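Hi,

Here is the structure I promised to pass on. Have a look at it first, and my notes follow below.

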Amino acid sequence: MSFDDLHKATERAVIQAVDQICDDFEVTPEKLDELTAYFIEQMEKGLAPPKEGHTLASDKGLPMIPAFVTGSPNGTERGVLLAADLGGTNFRICSVNLHGDHTFSMEQMKSKIPDDLLDDENVTSDDLFGFLARRTLAFMKKYHPDELAKGKDANPMRLGFTFSYPVDQTSLNSGTLIRWTKGFRIADTVGKDVVQLYQEQLRAQGMPMVKVVALTNDTVGTYLSHCYTSDNTDSMTSGEISEPVIGCIFGTGTNGCYMEEINKITKLPQELRDKLIKEGKTHMIINVEWGSFDNELKHLPTTKYDVVIDQKLSTNPGFHLFEKRVSGMFLGEVLRNILVDLHSQGLLLQQYRTKEQLPRHLTTPFQLSSEVLSHIEIDDSTGLRETELSLLQSLRLPTTPTERVQIQKLVRAISRRSAYLAAVPLAAILIKTNALNKRYHGEVEIGCDGSVVEYYPGFRSMLRHALALSPLGAEGERKVHLKIAKDGSGVGAALCALVA
Ligand code: GLC
């Protein structure tokens, strides 16, 4: 075989391998039906009392955690409250002023979580919560020095704590960590009350005036802040009214919450349900923790790359398997694993003879960020120059134009699978709550936050496309309004602290 023939044969083999992978990433309408039906089944199971011997920590089903929030704000709420937000790569502390007219103003301080708190296995809860308290102190010094100076004599300032990890919530201001997700691995936090841990460190740092009065998840915050900011009161004039029904996050992680009828949350003790209903409460927010959908892999599409990422590379093997196919933390990791595999099969990046010679960034887990994929996704430059630059800058990885065409196909298959799967929980919740057949024309709003839904090019259109292919159908999809609800974690936590 001549060199040219050999080259052509390799190119054909690459295309064939890549097309096969893209096929494996396809989510068909039949799959959407199957997954949506299973999601509804799992939601129902998660609302019922656990089987004997099962706990939220041991169970592989949907956690469906009652959030102890029983009402939605209407935008008239007022007050100045503190909010702290731990959920991904940053810790944020804010002072939120709710103006009572759907608007708010906010001062905030954001700090990157130091890498050693994430990577080092010897880190303790005190290290992490000590860091949070020190950042809170820096914030108080800058924005509330008078309160700080008054010490114990100050009027307590109410703080809502958005803690975006699975927590077994026991009341509005207490909950124990079920397990870490999104990279943390501090073993001694699991099973502890995160409000207490934070409050103790605040006390230790001389802040008795800061009272953590509410604990919430970022999805709950997103839902509440969306309710607060969206002005639906002029339904008479606008003709249409959309009801907020879901708060969701598609970012580093993915998750959502919705309002469920208290009567249906049968895992809540009967006395508590009776008491709430007597008080006139009918609904409670459920934090679905949908990252954990189908941890048993009965229906989720699974490729060999998903298995390696979960079992060998993630910090929580066997859990959050839906998240590992959908969220921003994993999109780049899926691509990285495919590229390394295609290289090992002699199909791509053949200028490197062995795996050891590949650029270190390409062989290091979680070094390829979803932001790089977002550049590749929409690259229409000649020879895919943007892609070339992006891969050079992020991974120091040179590529040929033909390799880049294949890489772009892979990127699009990965993001499409993510967006199609993302439609499943939304369709399932809308069907289960019958939201599209209620009130007015059944128009519904979904408050979303997170880097993927906000910035990944085409994500929202692909998601909508999948909603139309799902059991909701095109007519159902048209009634769904996806709204970006920015800053949910801050405003939502403040709203929680206000009602606590
Ligand atoms: C992870 C967490 C969940 C959070 C989501 C989005 O899935 O377990 O609590 O809401 O990420 O940040």
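Let's start with the open sheet: five strands in the order β4-β3-β2-β5-β8, with mixed pairing. (Strands are DSSP runs of E with at least two residues, helices are H or I runs of at least four, both numbered from the N terminus; two strands pair if DSSP finds at least two bridges between them.) β4 (104-112) and β8 (210-216) are at the edges with a single partner strand each, so one side of each has no neighbour in the sheet. From one strand to the next, the twist averages 25° (angles run from 0 to 180 degrees between N-to-C directions, with axes fitted to C-alpha atoms, for helices over the stretch in contact).

Within that sheet, β2 (residues 78-86) and β5 (residues 157-163) pair in parallel over five bridges, and Leu82 has Leu159 in β5 as its bridge partner.

Now for β12 (residues 444-449): six of its six residues are buried, so the rest of the structure largely encloses this strand (buried means under 20% relative accessible area with a 1.4 Å probe, protein chains only). Val444, Ile446 and Cys448 point one way, while Glu445, Gly447 and Asp449 point the other. β12 runs parallel to β13 (residues 480-484), joined by five bridges, and Glu445 is partnered with His481 there.

A word on provenance: this is a predicted model, where local features need pLDDT of at least 70, side-chain atom pairs count only at pLDDT 80 or more, and totals for chains, interfaces and linings use all residues. Residues are numbered from 1 along each chain as its sequence is written, and side-chain values use heavy atoms, leaving out hydrogens and water.

Cheers

Definitions and conventions: Buried < 20%, exposed > 50% of the residue type's maximum accessible area, 1.4 Å probe, protein only.
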